[in-house]
Amino acid sequence: MSDIDLSKMLGWPGYRVYRFEINELAKSLRLWVRRKRGNLKLVCSGCGRRVHKIHEVYEREVRDLPCFQYRTTVVIELYRVHCPSCGIKTERVEPLPSKAPFSKRFEEEVGQACEGASARQSARRYGLKPGTVRAIDLRCLERWKAKRRMPALKQMGVDEIYLGSKAKFVTVVSNLKTGEPVWLGAGRKKETLDGFFQKELSVRQRAQIEAACMDMWKPFRVSVEQWAPQCRIIFDKFHVLQRVNVAIDEVRRAEFFRKGGGKRGLVKGKRWLLLTRWVNLTSSKRRELNSLFAINRRLMKAYLLKESLERLWSFQYEGAMLRYLERWFDQLRWQRLAPFQKVARMLREHLHGILNYCRTKVRMGVVEAVNANLKTLLRRGRGYKNLRYLLLKAQHMAATRTEIVVFRKAS
Ligand SMILES: [Zn+2]
């Protein structure tokens with residue numbers, strides 16, 4: 001094989017192979033590469049300006065994509081240049097975007113492998129350390145992000161995710177229209193979210209936000225009210241219903257202890273049944289639930305209250321929504337269901353943010369879907385110490401598979 005053929009196969013524009021070595025035993029191919037004659041356009045890696053003065057010539061070794069069964073190493077001749085504004089700098093070369101000993105296309109391939117597999121698996125496949133693979137993946141994602149225009153943030157979601165006893169809580173801001181996370185911040189205080197508004201958004205961008213969908217967690221609400229006062233706060237349906245589920249579980253436990261002896265068995269182990277929506281139950285499970293209700297009216301009442309509250313978000317008009325909610329409150333009277341009284345109090349206190357759903361329609365379920373995706377990534381990757389990496393990973397996942405991500409969990 002001639003140098004010319006190898007230059008064609010290498011396919012680095014402006015560069016040619018001038019020497020090569022094939023090691024059959026080690027199954028490795030080594031190519032020495034330098035600029036083609038006439039290719040003398042030098043660019044400073046510091047500022048991106050065209051430069052003319054060469055300081056020195058040096059060699060760099062990078063791993064490139066394999067050639068058949070041969071692991072390929074490219075030894076490239078490079079220049080250190082004299083830049084008028086940066087001083088002595090290395091030149092910028094398109095196929096070598098980072099200082100790491102890998103070519104761009106090799107990194108892109110490893111990055112792609114990381115989409116479907118964990119860093120550990122990809123590391124085994126390429127004979128690299130997991131830490132190296134993660135660093136490559138992060139660089140690929142940063143390059144992807146730099147090329148991308150972020151969609152405007154008009155409707156935002158705010159939620160928190162628990163990362164374990166060490167990292168604790170992380171605040172997650174998402175874009176409800178695109179279904180992707182926009183920002184992650186350590187902690188879940190008002191100051192945490194303040195940091196997002198302050199550092200990530202311009203005054204104009206803050207003024208563009210029309211709605212924020214969130215949990216009833218007060219620090220987030222206070223922060224949004226301060227930084228984006230024009231924005232409507234809408235309490236997320238999923239989080240409201242979560243509180244109702246907590247209430248129904250409290251009723252179940254109270255009933256379990258109230259029922260002495262033999263009847264306990266009937267209430268026991270019914271947690272899942274009571275937390276599942278009627279439409280999602282099979283007919284045998286429905287029968288099971290019905291026989292439970294036959295002996296315990298209080299549990300039945302609690303279950304019906306939960307089921308009927310779901311309908312609240314089907315109303316188009318604020319008046320109708322409010323009337324429905326008032327009727328729901330009425331049903332609670334004389335029921336002696338203390339956990340539900342608590343839910344009712346909470347709903348009354350947050351009435352405005354619940355009715356706001358009729359004024360600005362947001363896609364409920366997006367906040368939860370974003371959260372679920374982050375959890376999937378955390379389970380797969382085990383320990384993202386780097387929040388930036390986790391964010392980019394989740395953004396890439398959402399952007400490349402938007403439909404699955406948003407519609408799977410949306411309700
Ligand atoms: Zn420069």
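What spacing do the donors of the zinc ion follow along the chain?

1. **The zinc spacing.** The donors follow the pattern C-x2-C-x35-C-x2-C. Cys44 sits in the loop between strand 3 (42-43) and strand 4 (50-51), and Cys86 in the loop between strand 6 (70-83) and strand 7 (87-90), so this pair ties together parts that are 42 residues apart in sequence. Keep in mind that the model is predicted.

2. **The zinc geometry.** Cys44, Cys47, Cys83 and Cys86 coordinate the zinc ion. Each uses its SG atom, at 2.3 Å. The angles between the four donor atoms run from 107 to 111 degrees, which makes the arrangement tetrahedral. For four tetrahedral donors the ideal angle is 109.5 degrees.

3. Is Cys44 buried or exposed? Cys44 has a relative accessible area of 0%, so it is buried. Cys86 has a relative accessible area of 31%, so it is partly exposed.

4. **Strands 1 and 2.** Strand 1 (residues 15-23) pairs with strand 2 in the antiparallel sense. Eight bridges hold the pairing. Look for Arg19: it stands opposite Trp32 in strand 2. The hairpin of the two strands has four residues between them. There, Lys27 takes a positive phi near 55 degrees.

5. **Leu31.** This residue is found in strand 2 (residues 28-35). Leu31 has a relative accessible area of 4%, which means it is buried, the cut-off being under 20%. What does Leu31 touch, leaving aside residues up to four places away in sequence? Its contacts include Leu6, Leu10, Val17, Arg19 and Phe20. Thr72, Thr73, Val74 and Val75 are also among them. Pro101 is 70 residues from Leu31 along the chain, and their C-alpha atoms are separated by 14 Å.

6. **Strand 6 and its partners.** Strand 6 is mostly covered, with eleven of its 14 residues buried. Strand 2 pairs with strand 6 in the parallel sense, over six bridges. Strand 5 is joined to strand 6 by twelve bridges, and these two run antiparallel. Strand 7 also runs antiparallel to strand 6, with four bridges between them. On the strand 7 side, Arg80 has Thr90 as its bridge partner. A hairpin of three residues joins strand 6 to strand 7.

7. **Two residues with positive phi.** Phe68 is not a glycine, yet its phi is positive, near 50 degrees. Where is Phe68 placed? Phe68 is in the loop between strand 5 (53-67) and strand 6. The hairpin of these strands has two residues between them. Phe68 has a relative accessible area of 75%, so it is exposed. Trp334 is also not a glycine, and its phi is positive, about 65 degrees. Trp334 lies in the loop between helix 13 (318-332) and helix 14 (338-349). At 79% relative accessibility, Trp334 is exposed.

8. In what order do the five strands of the open sheet lie? The order is 10-9-8-11-12, and the pairing is mixed. Strand 10 (180-186) and strand 12 (232-235) are the edge strands, since each pairs on one side only. On average, neighbouring strands are turned by 25 degrees against each other, direction ignored. Strand 8 (residues 155-162) and strand 11 (residues 211-214) run parallel and are joined by four bridges.

9. Helix 16 (residues 366-381) has 16 residues. From first C-alpha to last, helix 16 reaches 22 Å, close to the 22 Å expected at 1.5 Å a residue. Its buried residues include Val366, Val367, Glu368, Ala369 and Val370. Leu374, Leu377 and Leu378 are also among them. An α-helix has 3.6 residues a turn, so residues three or four places apart point the same way.

Methods
Residues numbered from 1 in each chain as written. Predicted model: local features only at pLDDT ≥ 70, side-chain atom pairs only at ≥ 80, totals over all residues. Heavy atoms only, no water. Donors = N, O, S within 2.8 Å, 3.2 Å for Na, K, Ca; no water. Tetrahedral: all angles 85-135°; square planar, octahedral: opposite > 155°, others 65-115°. Buried < 20%, exposed > 50% of the residue type's maximum accessible area, 1.4 Å probe, protein only. Expected span 1.5 Å × (residues − 1). Contact = heavy atoms within 4.5 Å. Pairing = 2+ DSSP bridges. Axes fitted to C-alpha atoms, helices over the stretch in contact; angles between N-to-C directions.
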